[in-house]
Amino acid sequence: MATTTEKPKASDATTKTTKPDVEEDDEEIIILKKAKKEERSPEELHKEMLQKYKAASDVVHKTFETLVKACVDGASIMKLCVEGDEQITQLTSATYNQKVDGNLIPKGVAFPTCISVNNVVSHFSPLESDTVSAAQTLATGDVVKIQLGAHIDGFAALQTETMIIGATATEPATGRKADVVKAAWHAAQIAIRQMTVDEKNSTITESVTKVAGQWDCKPVEGMLSCQFEKNAVDGKKRIIQAPTQEQKSSHEKCTFAENEVYGVDVLISSHTDGKSKTDEARTTVFQRISGVTYQLKLKTSRAAMSEAGKKAGHFPFNVRSLEDEKRARMGLLEAEKHGVVRPYEITYTHKDAFVAAFMYTVLVTADGPVLLTQPSIWYSDDKLKTEKSLEDADMKKLLEKTISVSDVTGTGAKRKRNTKKKSTGAKEGAVEGEAK
C-alpha cells in the first residue's frame, strides 16, 4: 500500500524569521503546554485510557439493550445487524468531540454487529445483495448470539451475549439449548475470575473445557481470546480453547500482567466434538492486518483498502460499510490473497448442534479482574431449565467470588450479589452481579 509524505513549503523558513517577538512568545507557550501534556504521569494516562474503555462499554451496553429487545420472532437478522452498527456510530459520535492537536479523536465500530443463530458459530452479518442470507429471520426457540464492539480513540470494548428467542422465567428453554447456554455462561464466568496477575493462559483453556463438560458440552475447537491494545483487538497474548494436538504444541504460553486488557471469548457447542467448518463464500467481515505492506495492483483494491482504513483503521469492518459494495468485494479478493486483510469466516458446527457464546472485555488488576463491559442483559438462570448443574467443587468455589464492574472513573466497584431467589437455582444466575 502506497504512502505519501507531505513536502515542506519553501516559504516556511522566511515566514518564521519575520514573525514578531510576541508570536515567538506565543509559540514558546504552546510548546511548553505541549511538553506539559506529554509529561502526564502514568497514572493519569492509565485513568484516561480506562475512561475511554468505559465510554466505549457504555455504547456497547446501550446497543445491546436495543438489540436484545428487538430480537423477536420474525425479526430480520440483516436489519438487526445494520441497526446495531448505526447505533454504535450514532452513540460514539455524540461523545469525545474535543480536538486533540487539531484532530478529532477516532471512534466508532470496533467490531461489526454479527448475529449468529443455532449451529452458526460466529461472524454472520449478511449483506442486502446476498438475497438468501438477507432473507433470514429469527424464530421462537432460536439460540441467538449477538456480537459487537465500539471504540473510543482506539480503546475497544467488545461483547457477545447469547439469548433464546421466547424463553422466559415462566416458559423457560429446556433440553440441549438450555444446557449449552448454561455451560457457556458458567464457563465465561469462571474464565473471567481466573484473569488474575501471573495466571497462565493454559489455566483458562483447561477450566473452560472442564465447566462445559458439566453440561455434556464441548468448547468450539481452536477459538481464541486475545489481548486488547490501542487500535488492536488481536494482541500478542492469547488464550485458546479446545486446541488440536498441533495447536497445543504451537500455541504460545503466557501469563497475565497487571493493567492488561483482554476480550475473554467463550464459545460452547452442544455437540460431542466441538469441531466447526467455514463457509468462505459469505464472508462479510474483514480486518486490515497491522504491519503488512503490499503494493496492490488493482485500482479497486487500493480504493477499497484506503476507504476501509479511513473508516475502520485496523479494526474489523463489514463490507456494507464501504461505499461501493461490489467494487469493494472485488478489491478485497486481491487484498486477502496477498495477506493484507484477514477474513472473519462464517463458521458452523454440526447441523443438529447449538452454539452459545459469551464474551466480555476484562481488565487485569492487582486486586483481581474488573469487567470493563457490563454484565449480560438477557441471561438469568430461571430462563433455562436443565437437569444438569455445576458439580465441580473447585469451580463452584471460584464462582462464588464477586467480580468488580468498572465505574465511570475506570476503577473497580464491587457489585453485590442478588440474594433474592426468583426460583430454584437463582443463586447461580446472580453471581455475575447484575445479570437480569
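1. Asp234 and Arg342 are joined by a salt bridge whose closest N and O atoms are 3.1 Å apart, a salt bridge being a side-chain nitrogen of Lys or Arg within 4 Å of a carboxyl oxygen of Asp or Glu. This pair links distant parts of the chain, 108 residues apart, with Asp234 in the loop between strand S8 (223-228) and strand S9 (238-241) and Arg342 in strand S14 (residues 341-344). Helices (H or I, at least four residues) and strands (E, at least two) are DSSP runs, numbered from the N terminus. Asp234 counts as partly exposed because its relative accessibility is 22%, and Arg342 counts as partly exposed at 27%; here buried means under 20% relative accessible area, exposed over 50%, and partly exposed in between (1.4 Å probe, protein chains only).

2. Before going further, please keep in mind that this is a predicted model, in which local features need pLDDT of at least 70 and side-chain atom pairs count only at pLDDT 80 or more, while totals for chains, interfaces and linings use all residues. Residues are numbered from 1 along each chain as its sequence is written, and side-chain values use heavy atoms, with hydrogens and water left out.

3. On confidence, pLDDT is the predictor's confidence in each residue, from 0 to 100; the chain has a mean pLDDT of 87, and 84% of its residues reach 70 or more. The pLDDT is below 50 over residues 1-22, a stretch that has eight contacts in the model beyond near neighbours in sequence, where contact means heavy atoms within 4.5 Å. Residues 408-413 also have pLDDT under 50, and for them the model has 14 contacts beyond four places in sequence.

4. How many salt bridges does a search of the whole structure find? The search finds 13, and one of them is formed by Glu48 and Lys52, with the closest N and O atoms 3.0 Å apart. Because Glu48 and Lys52 are four residues apart in helix H3 (residues 42-70), about one helical turn separates them. Glu48 is partly exposed, with a relative accessible area of 26%, whereas Lys52 counts as buried at 4% relative accessibility.

5. A salt bridge also brings together the side chains of Arg176 and Asp179, at 3.0 Å from N to O. These two residues lie three residues apart in helix H6 (residues 175-193), so they are separated by about one helical turn. Arg176 is partly exposed, its relative accessible area being 29%, while Asp179, at 4% relative accessibility, counts as buried.

6. Turning to aromatic rings, the whole structure holds five aromatic pairs. Phe256 and Tyr262 form an edge-to-face pair, at 5.1 Å centre to centre and with 70 degrees between the planes; rings of Phe, Tyr and Trp (its six-membered ring) pair if their centres lie within 6.5 Å, and planes under 30 degrees apart count as stacked, over 60 as edge-to-face and the rest as tilted. Phe256 is buried, with a relative accessible area of 0%, and Tyr262 counts as buried at 1% relative accessibility. Trp185, Phe358 and Tyr379 form one aromatic cluster.
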